[in-house]
Amino acid sequence: MSEHIYDLIIVGAGPAGLTAGLYAGRATLDTLILEGNSVGGQVTTTSVVYNYPGVAEVDGTELMNKMQKQVADFGVEIKHAEVAKYDDLTADVKTVTDANGQQYQARSIIISGGANPKKVGFPGEEKFRGRGVAYCSTCDGELFTGLQIFVIGGGYAAAEEADYLSRYGKHVTVLVRGDHFTCPPLIASRALDNPKVSVKYNTEVESVSGDDYLTEATLVNNKTGEKTVYHLNDGDQTFGVFIYIGTQPATKNLEGVIKLNQQGYIITDSQRQTNIPGVFAAGDIIEKSLRQIVTATADGAEAATAAEKYIADQKQRLGIPIHAEIKQPTKTVGQTSSLDNEEEVAPHAGNWLSADIDQQLKPIFARLTKTVTLQVLTNGTPLSDQLLGFVTEFAGLDADHMKVEKQAAPQNVKYLPQLRLLDDTGNDTGLHYAGIPTGHELNSLVLGIYNVAGPGQTISPEMVERIKALPEATIKIGVSLTCHFCPDVVAACQRMAALNPKITATMIDLQHFPELRKAKNIMSVPATMINGGPVIFGSQTMDQLVTAVEKTRP
């Protein structure tokens with residue numbers, strides 16, 4: 001158990017958690033944010049946000065990156081850790097335990113774990129997840145370029161994501177269970193006024209089927225009972241079904257701990273306090289009538305303000321100084337799997353890295369203690385030239401620690417061009433990148449450098465021992481550069497490779513390697529493959545990935 005007692009622990013780093021962190025940081029509370037997945041929450045699955053006050057339109061990930069920067073500027077620590085258990089929340093000092101068994105203590109807790117996409121439950125939905133069925137347009141939309149796409153839902157997300165997916169799909173059909181959209185007309189018009197989008201009301205998916213990929217869907221009119229069967233268009237290999245029917249609160253580990261309503265949402269008072277004093281909740285995880293970014297940020301502000309008063313009262317009662325020393329802005333790259341203050345990498349136009357990215361990376365590279373060689377394996381293609389140009393520019397950010405080596409690829413190497421990281425003795429570390437690690441995958445490269453030539457990401461001693469004991473494994477992670485979940489999986493696998501010489505972990509940009517997509521029937525990312533085995537779709541924690549490799553042991 002950590003001996004440090006925080007003023008406040010915030011569980012979840014979506015809009016509610018980040019706003020709570022901002023208010024807590026401004027109030028000089030000693031605050032820790034714990035996030036088990038990607039910083040930003042469900043907003044990062046949103047292609048474009050149109051209804052955040054003061055911003056005409058903004059990419060969901062970009063908006064969350066700006067919030068994260070504000071939080072970091074007030075010295076609030078964000079740690080990549082999934083809370084698995086809430087221990088004694090009724091005591092003055094409350095305790096939570098993460099998935100690795102690490103315990104954290106605080107005087108007050110704000111639970112803002114958000115909610116996860118709901119599943120419809122039709123036959124074939126789970127079987128074809130990642131092979132036609134998807135839940136995130138920004139992650140998987142481009143994989144359906146030129147194909148038919150169905151969107152299930154009738155609310156905000158369905159209308160907005162149908163509009164977004166129309167830039168990729170041949171045509172988008174929205175299947176609305178009722179006889180109208182439930183979102184405001186202006187939002188619905190994004191689908192209704194789009195010539196590449198059509199809408200079928202009173203329509204549900206009865207089942208989907210296929211072989212390797214999704215190839216057939218049976219639709220039913222819930223008023224007339226009439227059924228229609230959609231078959232693939234000539235020349236198409238599959239089609240997409242994107243599901244946006246709402247969310248399920250992430251409260252499974254809170255049952256019997258705090259008061260929940262029948263749907264599993266946390267019940268709070270007007271100050272966002274739960275039935276346990278000092279335990280607050282905010283965002284999509286709570287019982288309320290409207291779940292939007294703006295209401296989540298309001299919840300976070302209310303919860304943090306109420307928590308500040310609770311903490312001050314407790315400290316006054318116990319004779320403890322109320323205000324902590326104001327923290328200076330800090331970086332937490334060693335503890336999280338996404339870069340603080342990350343901005344989207346600008347499209348290649350002369351320079352690969354913007355001045356803002358340069359400034360954000362230099363403090364990280366200042367912590368490097370060893371040299372690392374960025375070896376570019378080329379195959380004489382224009383993509384090879386682009387990769388070499390990117391790597392040369394990237395290495396120029398810290399010429400003292402990063403060297404570039406160009407080499408014609410050996411015949412036995414697949415997925416070219418490829419970047420490999422070599423340690424200070426010239427040995428292959430097992431950290432490989434097929435394609436150009438830009439976009440969100442810039443995170444993976446930076447963390448790879450940090451793990452090989454710097455202190456490395458902080459993980460528990462028990463996890464380090466598990467990783468060092470793992471059997472030989474070749475891990476491939478199929479990614480899309482627009483996917484915000486992918487870098488966490490790549491970074492976790494490559495952390496394993498950095499600690500265990502028997503493991504290699506290769507990031508593969510699937511846009512450049514369609515043969516792998518076809519061979520493994522991949523239509524969703526991240527897609528993790530261990531020793532050529534079945535694809536593991538979706539975000540995975542370090543513990544889940546280590547367990548998966550352990551299961552390959554003879």
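**A parallel sheet and its aromatic neighbours**

Strand β9 and strand β10 (residues 171-175) run parallel and are joined by 5 bridges; strands here are DSSP runs of E with at least two residues, helices are runs of H or I with at least four, and both are numbered from the N terminus. This is a predicted model, where local features need pLDDT of at least 70, side-chain atom pairs count only at pLDDT 80 or more, and totals for chains, interfaces and linings use all residues. Residues are numbered from 1 along each chain as its sequence is written, and side-chain values use heavy atoms, leaving out hydrogens and water.

β9 and β10 belong to an open sheet of 5 strands with parallel pairing, in the order β8-β15-β9-β10-β11; two strands pair if DSSP finds at least two bridges between them. At the edges, β8 (133-134) and β11 (197-200) each pair on one side only.

Now follow β15 to a pair of rings. Phe144 and Phe242 form an edge-to-face aromatic pair, 5.3 Å centre to centre with 70° between the planes. Rings of Phe, Tyr and Trp (its six-membered ring) pair if their centres lie within 6.5 Å; planes under 30 degrees apart count as stacked, over 60 as edge-to-face and the rest as tilted. Phe144 sits in the loop between α3 (137-140) and β9 (148-152) and Phe242 in strand β15 (residues 240-243), so the pair ties together parts 98 residues apart in sequence. Elsewhere, ring pairs link Trp352, Phe365, Phe390 and Phe394 into a cluster.
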